[in-house]
Amino acid sequence: MESLKTNLVLDAKGLACPMPIVKTKKAITNLEGGQVLEVQATDKGSKADLKAWAESTGHQYLGTIEEGDVLKHYIRKASSEEAVEKKHPNVASNEELEVAISSGKDILVLDVREAAEYAFNHIPGAVSIPLGDIEKRMNELNEEKEIYVVCRRGSRSDLASQKLTEKGFKNVINVLPGMSKWTGNTTSIKN
């Protein structure tokens, strides 16, 4: 296949979430509106992460081409009037989530990390729906429940929280900083 014309190529190979998004945010600032960024990554979760990030910022996610182990993501930078990064307004700290869990309140903890991340370390009772599957699996969630969304550092959970809210979920809370700093109870496939 002939290579696509891009204005900038970003090498994010070997980096895990959230680094491909962090580096993409920085790289895209060097482009003008309408220009195309190619992000080369090896993290399988980057496909859903970069697509969701682009949608939340107003940039256009064009698609991904897989070449062996490398995922080549293409993102068109929005013009200045198109791009406004939204953040989910309803947030809670890890400690606030621990209090909600220990209070016995009827809440749902939604873990939007990849299945392997969840398997090796998650909050007991958390439901696993990776960010890339949220749209097709949100019907599994009760929109009346208070839903605390977690990921490793708060980026994917922010995007998932926005998606759920857009689809009519009323009580969605993004947990910051997420599993990277979680000190409460956890369980895993090793336990």
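**Start at helix H3**

Select residues 94-102, which form helix H3. H3 lies across S5, S6, S8 and strand S9 (172-176), and runs at about 85 degrees to S5. Helices (H or I, at least four residues) and strands (E, at least two) are DSSP runs, numbered from the N terminus. Axes are lines fitted to C-alpha atoms, for helices over the stretch in contact, and angles run from 0 to 180 degrees between N-to-C directions.

This is a predicted model, in which local features need pLDDT of at least 70 and side-chain atom pairs count only at pLDDT 80 or more, while totals for chains, interfaces and linings use all residues. Residues are numbered from 1 along each chain as its sequence is written, and side-chain values use heavy atoms, with hydrogens and water left out.

**The five-stranded sheet**

Five strands form an open sheet in the order S5-S9-S8-S6-S7, with parallel pairing. Two strands pair if DSSP finds at least two bridges between them.

Select 107-111 and 146-150, which are strands S6 and S8. Five bridges join S6 to S8, and the two run parallel. Leu 108 stands opposite Ile 147 in S8, and Val 109 stands opposite Tyr 148 in S8. In a regular strand the side chains alternate between the two faces of the sheet.

Is S8 mostly covered or mostly open? S8 is mostly covered, with four of its five residues buried. Buried means under 20% relative accessible area, exposed over 50%, and partly exposed in between (1.4 Å probe, protein chains only).

Step across to S9. Three bridges join S8 to S9, and these strands also run parallel. Pick Val 149 and look for Asn 174, its bridge partner in S9.

Next, bring up helix H6 (residues 155-166). H6 lies across S6, S8 and S9, at about 175 degrees to S9. A cis peptide bond joins Leu 176 and Pro 177, with omega about 5 degrees. Most peptide bonds are trans.

**The four-stranded sheet**

Move to the other sheet. This open sheet of four strands has the order S1-S2-S4-S3, with mixed pairing. The edge strands are strand S1 (8-12) and strand S3 (60-67), each pairing on one side only. Neighbouring strands here are turned by 20 degrees against each other on average, direction ignored.

Select S1 together with strand S2 (residues 36-41): five bridges join the two, which run parallel. Asp 11 stands opposite Gln 40 in S2.

Helix H1 (residues 19-28) lies across S1, S2 and strand S4 (70-76), running at about 155 degrees to S1. H2 lies across S2, S3 and S4, running at about 5 degrees to S4.

In the loop between S1 and H1, select Pro 18. The peptide bond joining Cys 17 and Pro 18 is cis, with omega about 10 degrees.

In the loop between S2 and H2, select Gly 45. Gly 45 counts as buried, at 3% relative accessibility. Draw a distance from Gly 45 to Gly 132: the two are 87 residues apart in sequence and 7.8 Å apart in space, C-alpha to C-alpha.

**Where H2 meets H6**

Show helix H2 (residues 46-57) and helix H6 together. Their axes come within 10 Å and cross at roughly 60 degrees. That makes H2 oblique to H6 (angles under 35 degrees count as roughly parallel, over 145 as roughly antiparallel, 65 to 115 as roughly perpendicular and the rest as oblique).

Display side chains at the contact. From H2, Asp 49, Ala 52, Trp 53, Glu 55 and Ser 56 meet Arg 156, Leu 159, Gln 162 and Lys 163 in H6. By class, this contact has three nonpolar, two polar and four charged residues (Ala, Val, Leu, Ile, Met, Phe, Trp, Tyr, Cys and Pro count as nonpolar, Asp, Glu, Lys and Arg as charged, and the others, Gly among them, as polar).

Finish on Lys 163, in helix H6. Lys 163 is buried, with a relative accessible area of 12%. Leaving aside neighbours within four places in sequence, which residues is Lys 163 in contact with? They are Ala 52, Glu 55, Ile 134, Glu 135 and Met 138.

Definitions and conventions: Contact = heavy atoms within 4.5 Å.
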